[in-house]
Amino acid sequence: MRTELFLEQIRILLQMHANGLLGGEVMPEDALLGIVPAAELPNVLTLAMSLNYQRNAYALWQAVAKAYIDKSTRWVFDPQAASASDPVELQTALLLHRVALQPNRHPVIWQRVAGGIARSSANGDVAGLIDAAQSDIAILQNIIQHKRKSDFPYLSGPKIFNYWLYVMESYAGIVWRSRELITIAPDTHILQASVKLGICSEGVLNGTAEDRHYVAEAWETALRGSGLAPIDVHTPLWLWSRAGFPPLIA
């Protein structure tokens, strides 16, 4: 595909998204809007994102909203409280509204991530973690994906980590340094859309870690010098695939 044609298709896709023509205008994380105060969003988004793996995203964030509304379970979104809690009590709270689906594994992951956050700054919260990293993705990436990877299961994985950065920017208003380091988060819909646009062959639809890494790198290469960061096209691509790939019409 010629670069000019490809970039024109991307611009049309972005415009269709801006005009609300891709359907699914309500994104999964929108379930928190008007429910979780702005100051609490970093904690809620981060802890819940650590369980956003191989499950229905809409169901997850609706469950998160219910758990936050319920005053008896809201405490699970406080990293210090969750990390210091009795494991059985945490398990019960996370299962109540189905924030956790796996009764053993999910609460353990939640508590470990909460502890990783709590130990990252004197504040013991996500805002403190980000401040400690100077809002710099390069520094944060080194902390979460390398230096202290064991403290951040699932969240340290490239797909969830990059989508978390995007969600924090979009919903919590975080202004990142080194923003160009946010790569696309290649879930199933992104893989399918990438094939549809001809950026990758159908072989990537196997969805292995290598396939996802290849797709992320392909988008970095394809958009280099365009003024767009790969993560800028994530939501339009995701919605386009979910809508069944309606024609790209300017």
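Mentor: Leucine 165 counts as buried, with a relative accessibility of 0%. The model is a predicted one.

Trainee: What makes leucine 165 count as buried?
Mentor: Buried means under 20% relative accessible area. Leucine 165 has 0%, so the label applies. This residue belongs to helix α9.

Trainee: Which residues does leucine 165 touch, leaving out those up to four places away in sequence?
Mentor: They are Ile137, Leu140, Trp176 and Ile182. Contact here means heavy atoms within 4.5 Å. As for leucine 181, its C-alpha is 9.9 Å from that of leucine 165, at a separation of 16 residues in sequence.

Trainee: Why is α9 described as largely enclosed by the rest of the structure?
Mentor: Eleven of its 14 residues are buried, therefore the description holds. Among them are Ile160, Phe161, Trp164, Met168 and Tyr171. The cover over the buried residues of α9 includes α2, α7, α8 and α12.

Trainee: How do you know that the span of α9 is close to the expected one?
Mentor: The helix has 14 residues, and the distance from its first C-alpha to its last is 20 Å. The expected value at 1.5 Å a residue is 20 Å. After α9 comes glycine 173, with a positive phi near 70°.

Trainee: Why are α1 and α12 called roughly perpendicular?
Mentor: Their axes cross at roughly 80°. The label covers angles of 65 to 115 degrees, and α1 and α12 are therefore roughly perpendicular to each other. The two axes come within 9 Å.

Trainee: Which residues make that contact?
Mentor: From α1 they are Leu13, Leu14 and His17, and from α12 they are Thr235, Pro236, Leu237, Leu239 and Trp240. Sorted by class, the contact has six nonpolar residues, two polar and no charged.

Trainee: What makes the pair of aspartate 151 and arginine 119 a salt bridge?
Mentor: The N to O distance between the side chains is 3.2 Å. The cut-off is within 4 Å, from a side-chain nitrogen of Lys or Arg to a carboxyl oxygen of Asp or Glu. The pair therefore qualifies, at 3.2 Å. The whole structure has five salt bridges.

Trainee: Why is this pair said to tie together separate parts of the chain?
Mentor: Aspartate 151 is in the loop between α8 and α9, while arginine 119 is in the loop between α6 and α7, so the pair joins parts 32 residues apart in sequence.

Trainee: Are aspartate 151 and arginine 119 buried or exposed?
Mentor: Aspartate 151 has a relative accessible area of 15% and is buried, the limit being under 20%. Arginine 119 is at 56% and counts as exposed, which requires over 50%.

Trainee: What does arginine 148 form with aspartate 151?
Mentor: A salt bridge, with the closest N and O atoms of arginine 148 and aspartate 151 being 3.1 Å apart. Another salt bridge joins arginine 179 and aspartate 232, at 2.6 Å from N to O. Arginine 179 is in the loop between α9 and α10, aspartate 232 in the loop between α11 and α12, and the two are 53 residues apart.

Trainee: What makes arginine 179 and aspartate 232 count as partly exposed?
Mentor: Partly exposed lies between the buried limit, under 20%, and the exposed limit, over 50%. Arginine 179 is at 26% and aspartate 232 at 27%, so both labels follow.

How values were computed:
Residues numbered from 1 in each chain as written. Heavy atoms only, no water. Axes fitted to C-alpha atoms, helices over the stretch in contact; angles between N-to-C directions. Helix = DSSP H or I, 4+ residues; strand = E, 2+ residues; numbered from the N terminus. Parallel < 35°, antiparallel > 145°, perpendicular 65-115°, else oblique. Nonpolar A, V, L, I, M, F, W, Y, C, P; charged D, E, K, R; others polar. Buried < 20%, exposed > 50% of the residue type's maximum accessible area, 1.4 Å probe, protein only. Expected span 1.5 Å × (residues − 1).
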